[in-house]
Amino acid sequence: CRFERLARILTPVADTTMLLITDDTCVRQSISQDFLNEPVGCGNFTEESDRARLAGNLERMVHSKLRHLAESGSVSEYRRWLSSFSSLFSGLPTNLSTVRPIDFPQASCMSEVGRQLG
């Protein structure tokens, strides 16, 4: 499932490798970047209302990922995830301007940005 794969990618663990079992005889390794080409909201839904539920859950998961990256000082990863919002939320009923955390602990992240920019 696309959502399960993205949830795995959004965890703070280093190894996000997954196995994808497509039938009784086929198992393949699912690489991390698959989620960029196959956004959660672009899948087939039995219930259209599920899109809104997934959007809310995805917003919370992305907030958590961004918070972790900011607190750990991972500026480039933080920026990469911010820049992927339109792809991540493609096909989902979400106002992207509300996804960016406002009360975010940016001090360590922003000081690192300043240090990197000189």
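I began with Glu38, which is partly exposed at 32% relative accessibility (buried is under 20% relative accessible area, exposed over 50%, partly exposed in between; 1.4 Å probe, protein chains only). The model is predicted: local features need pLDDT of at least 70, side-chain atom pairs count only at pLDDT 80 or more, and totals for chains, interfaces and linings use all residues. Residues are numbered from 1 along each chain as its sequence is written, and side-chain values use heavy atoms, without hydrogens and water.

Next, salt bridges. I took a side-chain nitrogen of Lys or Arg within 4 Å of a carboxyl oxygen of Asp or Glu. I got four by this rule.

Glu38 pairs with Arg5, closest N and O atoms 2.8 Å apart. Glu38 sits in the loop between α2 (34-37) and α3 (50-72) and Arg5 in helix α1 (residues 2-10), so this pair ties together parts 33 residues apart in sequence. I took helices as DSSP runs (H or I, at least four residues) and strands likewise (E, at least two), numbered from the N terminus. Arg5 is buried, at 8%.

I then checked Arg53 and Asp50: a salt bridge at 3.2 Å, N to O. They are three residues apart in helix α3, about one helical turn. Arg53 is exposed at 52%; Asp50 is partly exposed at 26%.

Glu77 and Arg80 form another salt bridge, 3.0 Å from N to O. Both lie in helix α4 (residues 75-83), three residues apart. Glu77 is partly exposed at 30%, and Arg80 is partly exposed at 37%.

Last, I looked up Val27. Val27 lies in strand β2 (residues 26-30) and is exposed at 54% relative accessibility.
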